[in-house]
Amino acid sequence: MDWLQAIVLGVVQGLTEFLPISSSAHQSIVGRFFGEDPGSAFTAITQLGTEAAVLVYFRKDIAQIIRSWCLAVAGKLPHSDPQARLGWMVILGSIPIGLLGIALKDVITGPARNLWITATMLLVFALVIDVADRRAKQDRQLEQLTVRHGLYYGLWQALALVPGVSRSGGTIAGGLFMGYTREAAARYSFLLAIPAVLLSGFQQLFDIADEPVEPAWGPIAVATVISFVIGYAVIAWLLRYISTHTFRPFVIYRIGLALVLFVLLGTGVIAA
């Protein structure tokens, strides 16, 4: 990977990670124009940059959740405390993607990255997000998160193992179907992604460090830093945007991108 490719992919990662348009799909598509798929390892590692943006942006919330959860475990705070419960829900919701990620690792890093699958998921999940957004009651907040809903959130997040679905799109759509507000669903999608993204990113980081061919550490580091800076700005923008707008523009974008991708694949402009 050269420096230009790393910079472009870092920008792409930062812009798309938190929007319901699938960062892995964009990484894969843009990578093809540089000649090859950057791979699931590069995607997972650069996601450490955008996840660092989540840790910084929500640092006060995260610190409170961890503190309350630890106090509850130590018996110094009721487990019914909203922040302690949220900590448990994040742990519970992380189980599905963790188990499926391990069980389906070879499929996820190989056949599932076929662009025909990506284009199909972009289109199908655009419709899922649109239906969820239009039918959303938006009468539940995160304080009302139940164990059942916490597990459902985790299952929706696990769908993002397939490029084209979108981690944020999956969890947000699931939250809307369950009646949560757009802001609550988006905020929880950020928190729920932390364990999965950090574990996946560091695992891939250690894996490529053991490979016989020396990884392009410089370009990888640059892409990760760029994704952090842009990702931080996108978080701030998205939370303001969805407080007064629907997800319809993202739905239209996904459909348009899917159709363009189908044409490019069908005409042989890019390889699947």
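Biologist: Which exposed residues does the face of H7 turned away from its buried side carry?

Modeller: The model is a predicted one. In it, that face of H7 carries Arg134 and Arg135, which are exposed.

Biologist: What makes the buried residues of H7 line one face of the helix?

Modeller: The buried residues of H7 include Leu115, Leu122, Phe125 and Ile129. Viewed along the axis of H7, the buried residues fall within an arc of 160°, so they line one face. These buried residues pack against helices H2, H8, H9, H10 and H12.

Biologist: How do you know that the span of helix H7 agrees with its number of residues?

Modeller: Helix H7 has 21 residues, which at 1.5 Å a residue should span 30 Å; the end C-alpha atoms are 30 Å apart, so the two agree.

Biologist: Why is Phe125 called buried, and why is Trp156 called partly exposed?

Modeller: Buried means under 20% relative accessible area. Phe125 has 7% relative accessibility, so Phe125 counts as buried. Trp156 has 22%, which lies between the cut-offs of 20% and 50%, so Trp156 is partly exposed.

Biologist: Why is the pair of Phe125 and Trp156 called edge-to-face?

Modeller: Rings pair if their centres lie within 6.5 Å, and planes over 60 degrees apart count as edge-to-face. The centres of Phe125 and Trp156 are 6.2 Å apart and the planes are at 70°, so this pair is edge-to-face.

Biologist: What makes this pair tie together parts that are 31 residues apart in sequence?

Modeller: Phe125 lies in helix H7 and Trp156 in helix H8, so the pair ties those parts together.

Key: Residues numbered from 1 in each chain as written. Predicted model: local features only at pLDDT ≥ 70, side-chain atom pairs only at ≥ 80, totals over all residues. Heavy atoms only, no water. Helix = DSSP H or I, 4+ residues; strand = E, 2+ residues; numbered from the N terminus. Expected span 1.5 Å × (residues − 1). Buried < 20%, exposed > 50% of the residue type's maximum accessible area, 1.4 Å probe, protein only. Arc of directions from axis to C-beta. Contact = heavy atoms within 4.5 Å. Phe/Tyr/Trp six-rings, centres within 6.5 Å; stacked < 30°, edge-to-face > 60°.
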